[in-house]
Structure formats: C-alpha cells, structure tokens
Amino acid sequence: MGMNIIEKIMAKHAGKDSVVPGEIVECAVDAVMLHDVGTPGIQRPFNALGTDKIADGVDCIIIPDHFVPANTVAAAENLKITREFAERMSIENYYEIGRGGICHQVMMEKGHVKPGQIIVAPDSHATTYGAAGAFGTGLGVTDVAIALGTGKLWFVVPETVRVNLTGKLPEWVSAKDISIYLLGKFKDGELLYRSLELGGNIIHEMSMDSRECLADMALEMGVKACLVECDEITDAYLKKALKGEPYELVTPDQDASYEAVYDVDVSDMVPMISMPHTPSNAATVKEAEGKKVNQAFLGSCTNGRMEDLKIAADMLRGKTISPKVRLIVTPASNEIYNKAMEKGYLKIFMDAGATITNATCGACVGGHLGLIAAGEVCISSSNRNFRGRMGSKDGEIYLASPAAVIASAITGEITDPRGVS
Amino acid sequence: MNISGKVWKYGDNIDTDVIYPGKYLVHFDPEEVAKHVMEGMGDGFAEKVQKGDLIVAGQNFGTGSAREQAAMALRYAGLAAILADSFSRTFFRNAINNALPVVAVKGISKWVEEGEELEVELTKGIIRKVNTGEELKFIPHPQLIMDIVNAGGAINYYKEKNK
Ligand code: SF4
C-alpha cells in the first residue's frame, strides 16, 4: 500500500519503511520556530528538562512578531527574554524587529521550510509550512521544549482527508474564499485531528502566496497539518528561497490511501465571509452585504502577502476609502513592506486614507495597532474572528478575502468585491 | 498499570475554558492550577473530586486552546484517568505529557453511569465495571505512551532518556 504525503514524512522521520494512521511514532524534528510569546513560554519546561543546549540537528528560528515593537513593559520583558535566549543559544536565525516580520511568512520567505521536513512551533498556524510540503504543526510549550532539547517528539499518525480543488476559479474568488467555503463544509469537526492534503488543478494553478493562505487557514478546520502537493511552482519558489540548498519534493504515492477523498469544483464559487464569532460560520459576502464597518484590516499571516497587497493597490488606485472607515494595512514581513514600497502600493494606500503599520501580528491577535471598541465592526483578512479576538468582546469581526476587505473599506459597508471595480 | 475509581460524567465538547478558565492562565504552579479544575462548569467539581476518581465524557474532550493547564488541573486535582469517546488533539498530547492517562473508546459515554466504579487495565486495554464485571475493550497505548505516563510525564521521561 502506498503512502500519502504526511505518512511519507512521518515514516522517514521515525526511521520506518511505512506507517499507518493511528500508529504512534517517535519522529526526529528538523526545526523549531519560536516567537516572542513562545520563547518566554518554553523557558520553564526547557529548564526542567535539565539541558542547556539545543539538540543537534534541530534548526531553531526565532522571530519576534506578536507584540513588536513592544507596546507594554510586559511585552518588552518578554522580548528581552526572547533576545537573551537567542544569544545564549547562539541562534543564527534570530530576526530582530525590522529584519523579519510575522513568523510564518518569515519562515517561508527566508527559506526555513523544506519539503518533507517536520517543523514545530508554539503557534497553531505552523500548518502554513505545508504550502511547501513540510509537516508543520503547533504544540504546547512542553512539547516544543522537548523537541528543542531532545530533537524528537511522539506523534499519532493522523488519518488523511484529500481534497482536490477542480474547475476554474472565477474572477474575484481567491484562496481565502475557498478556505472559508471549506470551513463551512467541514464544520462538524470532520477534519479534526486529520491531515488535510490538497491537490487538484486549482492548486497547481495557484501562487505560493495563495497556497500559504490555504494551509494557514486550514488550521481553523481543526487539522493537525495541511499538506499541499508540490509542483514546479513549489520548486521555483524553493530554488529562490533556499538559495541553492538541496531539497526533495514530496508527492503522494499513486496508490496512497485516504480516509476520504473529496472533489470540490470551485467554478461556481462566490466571495465568502466568516460571520461572527467563529471562522466556520461561513456565508457568502452577498448575504452579509450592507453591514456598516468601522475598521477594515488587511494583514496577518493569512493575507498580508504581496499578492494580497497587489489586489488592494489595484482596487484603491486613484480612490479614497469611506470617511467612516479606518483601513489598517499590515504587510506580513519587512521584505513585503519594502517590495510594496518599491511598487508604489504604499503610496496608493496612503493616498486612499489607509494607515500602514510595521510587519507584526498586531491587530490580528488584538495586541495593538488596531483594536476595536464595543459595538464596532471589523472586516478582516486574518484567520480568526473569535469573540474579543481583535479587542472588545462586544465587537464583531467578519473574515474575508483582501478584495472583500478593500471593497468594504471603499463603501463603508460589507461589500461583494464583484460590485466594485 | 491498573486504575480503579469512581466516575464523574460529562458530555460532549467539554472545552479548555470549562476545564481551566482563561483568566487563570498566569498560574503554572500545579497546586494553584488544580484549585480551578472544571471551574467553568460551575458544579463545584474541585471540592467534590477525590483522589483516584475518573472522568467519563463524550466526544472531543478538551477542545479549544492548547493551554497545558487544562491537563495539569485534572491531573493535580487527583483524577486517575480520563475516558472519553474522543479527545481533542492538543488535550490528548498535553494529558499524556503531564502523565494523566487518557483512553479514547467510542461509546463509553453511553456505557457508563455517573458514580459507577470502573477498573482500567491500561496495558491490556480493558475497562471493567466493578459491580457487574461487564467489560469494554480498547486498543492499549503503545509502549512509548505508557513509558511517558509511567515516568511521570514527558519532561521526566526525556530527562531520564537523555542521561
Ligand atoms: S498574524 Fe495572527 S494568526 Fe498569524 S501568527 Fe500572528 S497572531 Fe497568529
């Protein structure tokens, strides 16, 4: 019997010829990503482990992003702990503020993700690394400390659900809309604990930016990992990001087995939105149209990439946003920030009336740079709309694509981007 | 490893905020953490629970956040094991890592009543009603999981192993 992508990765890292779902295996971990919340968090279990060094063979990447630059003294203390730990452990890949950005984006663009790797982080959206064919997953601080100190972790081999995205993607419909559609489809915990494997012609026609959005957002379906089938586009991206380092693409065997296989034809898909207060509360943007918005947020590890900023710039060129709306734009990394500046996108945003922030989790995690007040409504390109996520628990968050966020910022109410050109 | 104890029953989707409310996330001391076990349920569980008791629950026990305090609270409040139809991914890991045995058996929530006494043979994969002798089988955990639980948790296990 053949193996699917995650089974191949786990078997290899457990030193076995094959693995089956339900089996518990001990796997070697290739890399650990830490940020300014996770680094302070792992200190206690890491010390309890009685080790004072990172296990051989484990690549540790530290990317402060949640509360940067420090917005409180407590955040400054945590950033100090993070910086000191990086120094003490002689971490080469430490991305100081101004040289990195949002952790998952930095991991991808700086070439810290290779197909077939196992990468863990004290951050749930580590599933993003599946866009490049790696098994990325978020864990508690004890697990992360163990991975860092021993280079190993136990895992249950998950059941895998395969989704083939087929058909032709309509104009104004993006990876984010597909994610929200799938969240609605699998809302009854059907993907809980599973690995989601994505393939189909739509995947292979998609940019890396879009694949990263899908793998990131998949976490909200309760998956352990999301593996996107590698192809020439992955290859081209890896060649550049890894600067000549060797890697091997991972693809599923022809006779791989899955718990379930779904073919999802996207040809008739329309712009989607997650209504408050859970990402799986999926509806069409049309159904939510007319709702007044106070804030529109374009950013996060879900949709703060070049492709997203380009859509926004194209829509906003020569236009101004509604005087009733604050549009906050947070490029996902400094690299993206810089590119957007060179391309003139930032000027377009400024002229339209937007506020541009540094590359940070900021508004997405309700930390700083764009919290909402009681009774306020925010349309956001991020991945979570839990009650209170972006500020007051009496506010409302709607999740949608960058196009819908910008369309809504222009009109001042939730707007289907197909109506704004 | 055998466990026997009295059952407390809970339903489906008992989330981490019910098991350990978010406002206590600043605590890490096991004694302090245990004081707030199941506080979100509002049923005075922390006062009633006895060392060695068991919880039997429905689907997706421990759903929600990855907070380790949820598993810690149950363990240090004295629960000997949690048996449920299914567990959330992070809760399952956190429980094992904190040496709290967790057993997933489909249908157990229908099979057991509150207050019943159960015997659990973890390595053999048998759950037995003490009163009637009725049995329910489950697939025992592999050696690695048992070793982690027996070592008193993941940190201890790996600390020993790395010596
Ligand atoms: S941008 Fe939001 S979802 Fe992404 S890592 Fe930061 S807080 Fe998490």
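**Figure 1. Helices of chain A around the second largest pocket of this predicted model.** Helix 4 (103–109), helix 8 (208–217), helix 9 (232–241) and helix 13 (334–342) of chain A each contribute at least two residues to the lining of the second largest pocket, and helix 9 of chain A gives the most, with four residues. The lining comprises 18 residues, and those that lie nearest the centre of the pocket are A:Glu109, A:Tyr237, A:Lys240, A:Glu335 and A:Lys339. Sorted by class, the lining has nine charged, seven nonpolar and two polar residues, and the space in the pocket comes to about 490 Å³. Because domain 1 (5–264) and domain 2 (272–415) of chain A both give residues to this lining, the second largest pocket lies between them.

**Figure 2. The shell of residues around the ligand.** The residues around the ligand are A:His66, A:Ile102, A:His104, A:Asp123, A:His125, A:Ser300, A:Cys301, A:Cys361, A:Cys364, A:Val365, A:Asn383 and A:Arg389. By class, this shell has five nonpolar and five polar residues, together with two charged ones. Both domain 1 (5–264) and domain 2 (272–415) of chain A give residues to the shell, and the ligand therefore lies between the two domains.

**Figure 3. Positive phi values at A:Tyr193 and A:Leu369.** A:Tyr193, a residue other than glycine, has a positive phi near 75°, and this tyrosine is placed in the loop between helix 6 (175–185) and strand 9 (195–199) of chain A. For A:Leu369, likewise a residue other than glycine, phi is positive and near 60°, and A:Leu369 is found in the loop between strand 16 (354–356) and strand 17 (377–380) of chain A. A:Leu369 counts as partly exposed because its relative accessibility is 38%.

**Figure 4. The fold of chain B, with its helices and strands.** Chain B has eight helices and seven strands, and its C-alpha atoms fill a box of roughly 45 × 45 × 25 Å along the principal axes. A compact globule with 163 residues would have a radius of gyration near 15 Å, and the 15 Å of chain B agrees with this. Of the 163 residues of chain B, 55% count as buried.

Key
Residues numbered from 1 in each chain as written. Chains lettered and ligands numbered in written order. Predicted model: local features only at pLDDT ≥ 70, side-chain atom pairs only at ≥ 80, totals over all residues. Heavy atoms only, no water. Near = heavy atom within 4 Å. Nonpolar A, V, L, I, M, F, W, Y, C, P; charged D, E, K, R; others polar. Domains from an automatic or database assignment. 1 Å grid on protein atoms, 1.4 Å probe; cavity = no way out; pocket = protein on both sides within 12 Å on 5 of 7 lines; lining within 4 Å. Points joined across faces, edges and corners; volume = space filled by probe spheres on them. Rg over C-alpha atoms; globule rule 2.2 N^0.38 Å. Buried < 20%, exposed > 50% of the residue type's maximum accessible area, 1.4 Å probe, protein only.
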